[in-house]
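Hi everyone, thanks for making time. Let's take a look at one structure together and talk about its ligand.

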Amino acid sequence: MELTKEAITEVGEMKRQHYAMIINGERVESSSGNTFDTLNPAKGETLATVAKANEEDAEKAVQAARNAFDNGKWRKYPVGKRARVMNKIADIMRSRFKELVEMEVLNSGKSVGAATVQINQSIEDFEFYAGAIVGHRGEVNNMPHGFFNYTHKEPLGVCAQIIPWNYPMMMAAWKIAPAIAAGCSVIIKPASLTPITAIILNEICHEAGVPEGVVNTVPGSGAVVGDYLVQHEDVNKVAFTGSTPTGKDIMEKASQTLKRLTLELGGKSPNIVFEDADMEAAVAGSLFGIFFNTGQSCEARSRMFVHESIYDEFMEKFIEKTEKLVSGDPMDKGTHLGSIISKDQLEIIDGYVQSAVQDGAKIATGGKQIYPEGHEEGHWYAPTVITDVTPDMKAVQEEIFGPVVVVEKFTDEKEVIKRANDTKYGLGSAIWTTNQGRATRVAHQIQAGIVMVNSPFSAFPGTPFGGYKQSGFGRELTVETLDLYMEDKSVLSYYGAKPLNPFNV
Ligand code: NAD
C-alpha cells in the first residue's frame with residue numbers, strides 16, 4: 001500500500017493489528033508472506049502482527065535506499081530545506097505525542113514516565129540535527145601560495161541502522177536524525193521484540209516530506225536481515241546499538257567490505273558514592289541510575305561503590321526507597337518500574353541473581369519474579385539490591401540488563417577508581433561528591449565515555465554518547481555524529497598564473 005495522505009490519516013490513531021514494513025515509501029508485506037507476533041510484555045499478550053522481512057526484502061530495501069541516494073533529490077536539497085522537513089517530523093511527532101507514548105508503553109512494557117522522556121527526546125533529536133546540519137560545513141585549509149584547498153563534506157551513502165529493544169523509538173531517532181540530516185539514506189532494522197514505533201516513525205518521515213527510499217524499515221531476524229545488511233556491498237555504513245557479542249560479530253563481518261561503523265554496545269557502569277556526597281541527592285540519583293527503564297539501559301549504573309564510612313546510613317536509605325518503588329500498570333503515572341521485555345530476559349536476570357547467591361552474595365531486597373495485579377501473565381522482576389559481592393562474581397562482571405544492582409564498599413579514592421575501571425566495559429559512570437576537585441580528578445581517570453557528576457541524567461541532545469573499551473566506539477547525539485555519516489573530501493586546486501611542470505620535462 002502506498003503511503004498516501006489518506007492511508008496515513010487512517011492509521012493516525014495507530015491501533016492497528018498489523019504493521020507492514022516500509023520500503024521505498026510504501027507499506028509492503030514480506031515477499032514470503034510471513035509475519036511475526038509482537039507482544040505487550042507487561043501482560044504477555046499479542047499486540048499486533050508484523051511483516052517479517054527476509055533476505056529478499058532486505059535486498060529490496062538496499063536497492064531502494066541506494067537508488068534514493070544515487071539518483072534522488074534528498075541529499076541535493078539545500079540544508080535549510082532538509083532542516084525544514086526534519087522540523088516537520090518533530091512537529092508531527094509532537095502532535096501525536098500521546099499516541100506515540102502509548103504505543104511505546106504497549107510494545108515495550110516500560111512505564112509511561114520513561115516512555116514520555118524517551119519520546120520527548122526523540123522529537124528533540126530531529127530538532128537538534130535540523131539545527132546542527134545548517135551550521136555544519138567543511139573548512140578552507142592552510143596551503144602553500146598558489147594552492148587552494150577545502151574540505152567538502154559529503155554524505156556517506158546507504159546506512160544500515162540496527163537497533164535494540166530497550167529504547168525502541170529513541171534509538172531509531174538517534175540513528176535516523178543525524179543520518180538523514182547528513183543526506184544519507186537509511187535502512188532501519190528494529191529489534192523483533194519492539195518494531196512498532198520505528199515503523200510509525202518511518203511513516204511520519206514520509207508524511208513530513210522525506211522522499212521515498214530515504215528511510216526504509218525492515219523488521220525481522222537479526223541473524224537474517226541484520227546479517228544480510230551488514231555484509232551487503234551496497235551498504236556504506238552500519239550503525240549498531242546492541243549487545244557487545246553482536247557488535248563484535250558485526251565488526252568482523254563489516255570488515256570484509258570495510259564499512260564505516262558505529263558501535264554502541266553494552267555496559268556495566270560504576271556509581272561511586274563518596275563520603276562527602278550530598279546523601280539525599282546521592283540516594284535519589286543512584287536509585288534512578290539503576291532502576292530507570294527497569295534497569296534495561298545500556299548506561300544503567302549497575303555497580304555501586306559506597307564509601308565505608310557512610311555505607312550503613314546510605315544503604316538503609318537506598319533499600320528503604322527501593323522498596324517504595326512501584327512496579328505495576330505501565331500506563332499509571334505513579335508507576336516507577338515497568339515490565340521486563342520478555343520471558344527469556346526475565347530468566348537471564350534471575351539466573352544472574354541466583355548465581356550471585358550461589359557465589360556467596362546476599363540479597364538485601366528483591367531477588368524474585370513478581371506478579372502485579374492485572375498483569376500476572378506478564379514478565380516482572382522486583383527491583384533488586386545485592387550486597388556482599390566480590391569483584392570476580394559473574395553478576396559483578398557481566399551486564400545483567402535488568403533491575404539489579406550489586407553493591408561494594410570502598411575505602412579510598414585511588415582504590416575505587418581502580419575497582420571502577422576493573423571491567424571490560426566503559427560506557428557510563430556516576431560520581432557523587434561535593435568536592436569539586438575530587439569530581440574532576442575522578443572523572444578524568446574513569447575509563448568511560450560518560451561521567452555523570454551529581455547528575456541522575458546521562459544525556460541530552462548535544463551531549464556525546466558512546467563508549468570506551470568493549471562498550472564500542474563512535475559518539476551519538478552530538479554535532480560530531482554528523483561526521484560519522486559523512487566523508488571529508490579534500491578538493492585541492494592550483495591557481496597560479498604560471499603552469500606547473502613538476503617532472504620538468
Ligand atoms: P542484541 O545485540 O541482541 O540485538 C540488537 C539488534 O541487533 C537487534 O535488532 C537484533 O535483531 C540485531 N542482531 C542480532 N544479531 C545480529 C547479527 N548477527 N547481525 C546483525 N544484527 C543482529 O541486543 P538487544 O538484546 O536487542 O539489546 C540489548 C543490548 O543493547 C544491551 O547489551 C545494551 O547494553 C545494548 N544497548 C546499548 C546502547 C548504547 O548506546 N551503548 C543503548 C541501548 C542498548
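**Around the ligand**

Let's start with Gly 242: a backbone N or O atom of this residue lies 3.4 Å from an oxygen atom of the ligand, where a polar contact means a pair of N or O atoms within 3.5 Å. Before I go on, this is a predicted model, with local features needing pLDDT of at least 70, side-chain atom pairs counting only at pLDDT 80 or more, and totals for chains, interfaces and linings using all residues. Numbering runs from 1 along each chain as its sequence is written, and side-chain values use heavy atoms, without hydrogens and water.

Next, Ser 243: a side-chain N or O atom sits 2.7 Å from a ligand oxygen. Ile 163 has a polar backbone atom 2.7 Å from an oxygen of the ligand.

So who else is around? The ligand is surrounded by 26 residues, each with a heavy atom within 4 Å. Among the closest are Lys 189, Leu 265 and Glu 399. Domain 1 (5-265 + 467-490) and domain 2 (270-453) each give at least three residues to this shell, with bounds from an automatic or database domain assignment.

Key: A polar contact is a pair of N or O atoms within 3.5 Å; within protein, one must be able to donate a hydrogen and the other to accept it, and residues adjacent in sequence count only if both atoms are side-chain atoms.
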